Amino acid sequence: MSAPPPLPKDYQRYAEDVPSSGNRPPSREDLDNYFDHQLPAPHRLSGHYLSPSGSPRGSMESFRGSASPQPAFGGAGPRYLSPLAASAATETEGAGLRHSNYSEMSMIGLNSTPGLQRKSTWLQKETQLKRKNHRLFIITCSTITLLIILGVTLGVVFGTRNSKGASTNDVSNGNNTNINTATAGVVEQGSDPSQFTKDPKLKQSFYGVAYTMMDALYPDCNEGLPSVIEDMQILSQLTTRIRLYGSDCNQTQLVLEAIKQTKVDLKVYAAIYVVVDDDTAYERQKASLKNAIETYGVDHLEGITVGNEFMLNYMTQYGGSSATPDGTIGLRASALLKAKITDTRQMLSDLGHPNVPVGCADAGSYFNNDLLGAIDFGLSNIHAWFAHTTAADAASWTNTFFQDTNVAPAALLANRPTMVIAETGWPTQSNGTAESNSGAGTGGEASVANLQTFLDSFICQANTARTPYFMFEYTDVPWKDIRYGGVEGFWGMFDKDKRLKTSLTLPDCTHQ
């Protein structure tokens, strides 16, 4: 044990001022008389215990993991209590003190007869303060204990609920401080995302719906999990499958986590958006998709789409309008895309999921046999709007084009890839009058009325014919309007606030 601390300065001054009575320590009466005119702060003559670090924090840390400190009264070892502090002890504590270094001290006022007791105002205040501090210590410790128990309980509950990247920041690029944690407030729900109120205006009539996130345009990855949860709640009332366009900004993780929390019946065509002459974008998205599969598995994945309109973009960039899918530039484009499809398949195989279908999406007339022979499925974007048709003729035109241009050629190949309409629909407005009509004149306007015409003439008929398709699209997307203009931002059945467009009635029929 270390040496006792030096005597306080006040005690040293007292030794100089007051004559000693042999080897006897000064009595309390002597001390009271000395300090009547200059009362010290109570702690100046109190015993103390500090951790090795010398700090109260260190003391608490040592206390939790080691033996308790030396008790103030009783037991072996030198005592660090002044006579004044000792005099506040109980009779039992005083008995222990009589066996300490202070056994020869005067016990006046401690165990003497009542008539000889001298009352000290300072001592009474000290005693009251000690009792008060003792009560505060007990209350504080009890409160801290309760808070710790509450914290552990909440940690277990929310840690379990939000396992595997369930928190908004973990799933939504937690380093980005611009993550949008708001929702549109269009779905009534409580604390459990799987318990939400269904909208009677919505019908699960669509084979599939194309889904574009509002705020996940790399590098501006601001989409939050609450918004995606709301999207899955709405989409699950329209369809049982959705298609994505890329894996940047944790899009796949967000969707799969939202499906997990909402417990809805949705399958997903995940995707890697392949950028012309930018292998970094491909590798980045492949890594993100790999992480999503490692985290969530493949139970909700219906396929992986590698590339969306890559053939169109490459041929336009390197050959202009004269390039054809079976020409030199077209074959070069398909070779580049095939290499990435093969690489994605290898990644799936390495993860233990070699049977997940892998395909690509492109403009309907830009597939060639070289590409079709390397995929499990082809998603074909087919828009009657760009063929200058009217809304009344759009459904029949779409079906004829799909059967003749995509289904028939694929059926002749040995691998017989499944062909699916990846995008089809009708815009409801334009940001300029020059693009407000398909070019067909009357009946070719971008309007909600013409979208209604397309829905009424295509959806249930395609379901009956077992023609697979993805309705384009879920909501209007403001960033498309900003980037591309014209009708590009206004293909949604819902507006940008996720509300079904005014006067629009969804078809009511079953799908495969």
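Two strands count as paired if DSSP finds at least two bridges between them. Keep that in mind for the close-ups below, which come from a predicted model.

**View 1. Strand 7 and strand 8 run side by side in parallel.** Here we've zoomed in on strand 7, and strand 8 (residues 377-381) is joined to it by 5 bridges. For a spot to start looking, find Cys-360, which sits opposite Gly-378 of strand 8.

**View 2. Strand 6 pairs with strand 7 too.** Strand 6 covers residues 301-308, and its pairing with strand 7 is parallel, with 3 bridges. Pick out Thr-305 and you'll find its bridge partner, Gly-359, in strand 7.

**View 3. Strand 7 is mostly covered.**

**View 4. Ser-334 sits in helix 12.** Helix 12 takes in residues 328-350. Is Ser-334 buried or exposed? Buried means under 20% relative accessible area, and Ser-334 has 0%, so it's buried. Leaving aside residues up to four places away in sequence, Ser-334 touches Met-311, Asn-368, Asp-370 and Leu-371.

Key:
Residues are numbered from 1 along each chain as its sequence is written. This is a predicted model: local features need pLDDT of at least 70, side-chain atom pairs count only at pLDDT 80 or more; totals for chains, interfaces and linings use all residues. Side-chain values use heavy atoms; hydrogens and water are left out. Buried means under 20% relative accessible area, exposed over 50%, partly exposed in between (1.4 Å probe, protein chains only). Helices (H or I, at least four residues) and strands (E, at least two) are DSSP runs, numbered from the N terminus. Contact means heavy atoms within 4.5 Å.
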